[in-house]
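Please keep the sequence and the model in view while reading.

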Amino acid sequence: MRYCRFQVGEEVKYGMVDVNKVIELVGPYYQETSAPTENIYELEDVTLLSPVTPKQVVAIGLNYVDHAKEQGKAIPDEPMMFMVSPHAVIGPDDTIHLAREEHRIEYEAELAIVVGKKAYQVSEDEASDYIFGYTIANDVSDRHLQKQDGQFTRAKSFSTYKPMGPFVATDLKYDRLKVQLKQNGTLKQDGNTRDFIHSVESVFAAVTDVMTLEPGDVIITGTPAGVGPLEHGDHLQISIEGIGTLDNQVE
């Protein structure tokens, strides 16, 4: 099943996607009280928003061997986590605004975990019970500031630097999903989650060992090789099988 957050007129709603229709829900899909209403919309008649409005966005770095190699970094023994601003999140078809166009700013296609239940010190065996589903994220990153700061938060937290969407999908076999990014129609990243260094379960356990996650929070799980620079006018498409395609323009 796939879920979304969408806008009709001035109203923001949550919905369940059934082929080309959106069934409006009472409240966010990840809440236990969420339920279908009688309101049904054509998918083409609604504006899709970021499917989540997280209070926390936790990122995992260097989670594919090939990306660690292209960055010249050692493979981490445990998930390398850092925080980025939730206010950087935008949705499908929104515009990425390059805050420092003179800097090298790169795209990073990633699978994102959407939390379904309050989670703290969750074991790997229990992790799947706390995950609602998965969406697509682009972890836009200012490499100049990463190098200058020696850490990642500022480089990845500018407004519009975390596109997510278009849907949240459940019941995915998340350990073997194809992750692809096209820049202006040219395939740049072509990875698969089977090449994770740290599994979804181990990532979730590591993060919740440190902090409490709430429903709607997001963990982005790292990017495969092929990252590259963004320029004004770029059109980005990130596709993950079972979820859909996240489209964004760059200005």
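In which strand is P166 found? The model is predicted, and in it P166 belongs to strand β14, which covers residues 162–169.

## A cis peptide bond

The bond that joins G165 and P166 is a cis peptide bond, with omega at about -5°. P166, on one side of this bond, is a residue of β14.

## Positive phi angles

T160 is not a glycine, yet its phi is positive, at about 80°. This residue is located in the loop that runs between α3 (153–156) and β14. T160 has a relative accessible area of 8% and is therefore buried, the limit being under 20%.

N184 is likewise a residue other than glycine with a positive phi, near 55°. Its position is in the loop between β15 (178–183) and β16 (186–192). The relative accessibility of N184 is 45%, so this residue counts as partly exposed, between the limits of 20% and 50%.

## The largest pocket

The volume of the largest pocket is about 280 Å³. Its lining is formed by 19 residues, of which Q71, K73, R143, Q146 and F152 are the closest to the centre. Two or more lining residues come from each of β6 (57–61), β7 (80–84) and α2 (143–149). The largest share, three residues, is supplied by α2.

What classes of residue make up the lining of the largest pocket? Seven of the residues are charged, seven are polar and five are nonpolar.

How values were computed. Residues numbered from 1 in each chain as written. Predicted model: local features only at pLDDT ≥ 70, side-chain atom pairs only at ≥ 80, totals over all residues. Heavy atoms only, no water. 1 Å grid on protein atoms, 1.4 Å probe; cavity = no way out; pocket = protein on both sides within 12 Å on 5 of 7 lines; lining within 4 Å. Points joined across faces, edges and corners; volume = space filled by probe spheres on them. Helix = DSSP H or I, 4+ residues; strand = E, 2+ residues; numbered from the N terminus. Nonpolar A, V, L, I, M, F, W, Y, C, P; charged D, E, K, R; others polar. Buried < 20%, exposed > 50% of the residue type's maximum accessible area, 1.4 Å probe, protein only.
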